[in-house]
Amino acid sequence: MKPLSRYGPGARAAAALAAAAVAAVALAGCGSSGSSSTSTSTSASAGSAAPSASAAAAAFPVTVTAANGAVTIKSRPARIVSLDPTSTEDLYAIGAGPQVVAVDQDSNYPAGVPKTALSGLTPNIEAIAKYNPSLVVASQNSGGLVSGMTKLGIPVLIEPAVATLDAAYAQIEQVGAATGHAAQAATVVTGMKQQIAADVAKAGTAHKGAPYYWELSASPYYSAASSTFIGQVVGLFGLKNIADAVSKPADGGYPELSQEYIVTAKPQVIFLADNEAADGGQSPAVVAKRPGWSGIPAVQDNEIIGLNDDVASRWGPRLPQLVAEIAAAVEQLH
């Protein structure tokens with residue numbers, strides 16, 4: 001994870017542990033989150049049609065409560081700078097793309113986003129200000145970002161890595177309220193919930209209790225316990241996380257596992273969040289050839305799933321795509 005935008009060690013190790021300190025909470029199922037709230041002068045119904053530009057403008061000023069406290073946006077932001085890949089995906093999914101004038105160097109979806117050299121990890125206040133933003137969205141308050149922008153009269157929303165699905169939904173709705181797209185955001189969230197529920201139901205219950213291993217990095221082997229956001233997502237299918245038995249409070253839900261432990265735990269399915277070249281290139285073929293791993297049921301049954309690493313490490317509108325990949329693997333379990 002690039003801090004607070006990814007979930008795994010390796011290229012993502014330090015950040016995942018940092019995210020854990022902020023966001024990982026032990027949960028069983030999809031608990032509600034009170035991490036963000038929204039109050040507006042005008043409310044929009046989840047089932048209403050997308051508001052016109054004049055209606056959206058009339059909804060301002062709006063005050064939302066982000067991780068950095070209550071933030072008031074006086075008018076519909078016409079120039080948005082996003083310093084986090086998940087926030088960028090959120091903005092485009094809810095229809096705020098035309099308002100986005102710059103995104104950070106790690107934002108790569110959807111195609112054609114106005115990518116720049118800006119960094120959400122080490123933000124340069126002067127460089128950000130050159131885009132004349134009317135709103136900045138980021139996943140963490142690094143380098144005095146909030147205070148620096150506030151001095152310039154520019155509101156900032158800090159939308160950190162989440163610990164629950166409900167918190168992910170709440171962030172999308174909050175970004176919608178802050179940008180004049182509350183109704184569209186509600187529609188996106190409703191669609192996500194419906195698609196995820198359908199895929200979980202389709203996978204059935206015959207696989208419940210099947211052990212799985214979620215790999216964030218190899219050498220050393222880091223995983224994500226059930227207490228993490230990604231652990232909660234997989235938990236929707238009733239699988240048993242082999243990392244739980246060795247996870248301790250100090251690791252924030254991201255324990256390091258020994259190769260011997262993984263082999264002995266005999267996972268029936270292995271999910272690779274370090275599948276792509278930039279994240280280690282631990283493809284299913286590479287994993288299958290690891291010495292001593294031939295006795296693992298997941299290897300024997302070809303149940304090694306190479307994920308889209310970006311989708312597997314963000315908590316935005318492409319979550320249903322991740323759930324669908326997990327569901328497909330679960331349906332094939334022997």
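## Basis of the description

The model is predicted: local features need pLDDT of at least 70, side-chain atom pairs count only at pLDDT 80 or more, and totals for chains, interfaces and linings use all residues. Residues are numbered from 1 along each chain as its sequence is written, and side-chain values use heavy atoms, with hydrogens and water left out.

Helices (H or I, at least four residues) and strands (E, at least two) are DSSP runs, numbered from the N terminus. Strands count as paired if DSSP finds at least two bridges between them. An open sheet of 4 strands runs in the order S5-S4-S6-S7, with parallel pairing. Its edge strands, each pairing on one side only, are S5 (100-103) and S7 (156-158). On average, neighbouring strands of this sheet are turned by 20° against each other, direction ignored.

Strand S6 (residues 135-138) pairs with S7 in the parallel sense over 3 bridges; Val 137 has Leu 157 in S7 as its bridge partner. Helix H3 (residues 85-93) packs on the sheet and touches strand S4 (80-82), S5 and S6, where contact means heavy atoms within 4.5 Å. The direction of H3 makes about 140° with that of S4; axes are lines fitted to C-alpha atoms, for helices over the stretch in contact, and angles run from 0 to 180 degrees between N-to-C directions.

## Nonpolar cores

A nonpolar core is a set of buried Ala, Val, Leu, Ile, Met, Phe, Trp, Tyr and Cys residues joined through side-chain atoms within 4.5 Å. Buried means under 20% relative accessible area, exposed over 50%, and partly exposed in between (1.4 Å probe, protein chains only). The largest core has 63 residues, and those with the most contacts inside it include Trp 214, Phe 271, Leu 322 and Ile 326. Helix H6 (residues 165-179) gives this core its largest share, 8 residues.

A second, separate core of 14 residues includes Ile 242, Leu 257, Trp 293 and Ile 304.

## Asn 241

Asn 241 belongs to strand S10 (residues 240-241) and is buried, at a relative accessible area of 4%. Its side chain reaches the backbone oxygen of Ala 224 at 2.8 Å. A polar atom of the Asn 241 side chain also lies 2.9 Å from the backbone nitrogen of Ala 243.

## Salt bridges

A salt bridge is a side-chain nitrogen of Lys or Arg within 4 Å of a carboxyl oxygen of Asp or Glu; the count comes to 5. Glu 89, Asp 310, Arg 314 and Arg 318 are linked in a network of such bridges. Arg 314 meets Glu 89 at 2.7 Å, N to O, and this pair links parts of the chain 225 residues apart. Arg 314 lies in the loop between helix H12 (309-313) and helix H13 (319-331). Both Arg 314 and Glu 89 are buried, each at 3% relative accessibility.

Glu 89 also forms a salt bridge with Arg 318 (2.7 Å, N to O). Glu 89 lies in helix H3 and Arg 318 in the loop between H12 and H13, so this pair ties together parts 229 residues apart in sequence. Arg 318 is buried, with a relative accessible area of 12%. Elsewhere, Glu 331 and Lys 202 meet at 2.9 Å, N to O; Glu 331 is partly exposed at 38%, and Lys 202 is exposed at 56%.

Methods: A polar contact is a pair of N or O atoms within 3.5 Å; within protein, one must be able to donate a hydrogen and the other to accept it, and residues adjacent in sequence count only if both atoms are side-chain atoms.
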